[in-house]
Amino acid sequence: MDDSFTTLLRRAYQAQFSAIRRKLPDIGLSPGQPKVLDFLFDHDGCIQRDLAELCGIEPATISRLVDKMEGDGLLVRRPAPGCKRSLQLWLTDLGRARRLDFHAVRDQVEAVELAGFT
């Protein structure tokens with residue numbers, strides 16, 4: 001079995017991702033949404049193309065993700081000033097609250113994972 005540092009890091013990431021992913025439905029989120037919530041928190045009003053590029057998500061995938069998030073009330077699209085074809089993305093109060101819920105889940109998982117470390 002490969003116990004290189006890179007392999008161990010990947011395993012640790014996968015274990016953490018799995019633990020967090022199992023809890024996402026409890027807070028009304030699906031995989032991929034926390035990354036978008038965090039990005040929009042720091043870049044509220046960005047356009048969808050920039051969101052896809054800077055989050056490393058394919059445009060078709062980000063389009064479906066944004067559609068779902070808008071339908072769930074986590075964000076809204078508004079016309080970009082001076083450009084009829086571009087829409088800006090803005091977090092809603094619910095989106096901000098779900099972001100905090102996600103951070104609480106992440107912190108709980110990390111506390112378990114890091115128990116015993118100094």
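Helices (H or I, at least four residues) and strands (E, at least two) are taken as DSSP runs and are numbered from the N terminus. On that basis the elements of the chain run α-α-α-α-β-β-α from the N terminus on, which comes to five helices and two strands. This is a predicted model, in which local features need pLDDT of at least 70 and side-chain atom pairs count only at pLDDT 80 or more, while totals for chains, interfaces and linings use all residues. Residues are numbered from 1 along each chain as its sequence is written, and side-chain values use heavy atoms, with hydrogens and water left out.

**Overall dimensions and burial**

- Taken along the principal axes, the C-alpha atoms of the chain fill a box of roughly 55 × 30 × 25 Å.
- The chain has 118 residues, of which 32% count as buried; buried means under 20% relative accessible area, exposed means over 50%, and partly exposed lies in between, with a 1.4 Å probe and protein chains only.

**The largest pocket**

- A pocket is defined on a 1 Å grid over the protein atoms alone, as an open set of points where a 1.4 Å probe fits, with protein on both sides within 12 Å along at least five of seven lines, and lining residues have an atom within 4 Å of a point.
- The largest pocket has a volume of about 290 Å³, where a volume is the space filled by probe spheres set on the grid points, which are joined across faces, edges and corners.
- Its lining consists of 13 residues, and Tyr-13, Phe-17, Ile-20, Pro-34 and Phe-102 are those that lie nearest the centre of the pocket.
- The elements that give two or more residues to this lining are α1 (5-23), α2 (33-42) and α5 (93-113), and α1 gives the most, with five residues.
- By class, the lining of the largest pocket has seven nonpolar, two polar and four charged residues, where Ala, Val, Leu, Ile, Met, Phe, Trp, Tyr, Cys and Pro count as nonpolar, Asp, Glu, Lys and Arg as charged, and the others, Gly among them, as polar.

- Tyr-13 and Phe-17 are four residues apart in helix α1, so they are separated by about one helical turn.
- Phe-17 counts as partly exposed because its relative accessibility is 36%.

**The β hairpin**

- Strands β1 (residues 75-80) and β2 (residues 83-91) run antiparallel and are joined by six bridges, and two strands pair if DSSP finds at least two bridges between them.
- Ala-80 has Cys-83 as its bridge partner in β2, and Arg-78 has Gln-88 as its bridge partner in β2.
- Two residues lie between the strands of this hairpin, in which Gly-82 takes a positive phi near 80°.

**His-103 and its contacts**

- His-103 is found in helix α5 and is buried, because its relative accessible area is 16%.
- The side chain of His-103 makes a polar contact with the side chain of Asp-38 at 2.7 Å and another with the side chain of Arg-106 at 3.1 Å.
- A polar contact is a pair of N or O atoms within 3.5 Å; within protein, one must be able to donate a hydrogen and the other to accept it, and residues adjacent in sequence count only if both atoms are side-chain atoms.

**Distances along the chain and in space**

- Pro-31 is found in the loop between α1 and α2, and its C-alpha is 6.6 Å from that of Arg-21, ten residues apart in sequence.
- Gly-116, in the segment after α5, counts as exposed at 79% relative accessibility, and its C-alpha atom is separated by 39 Å from that of Gly-73, 43 residues apart along the chain.
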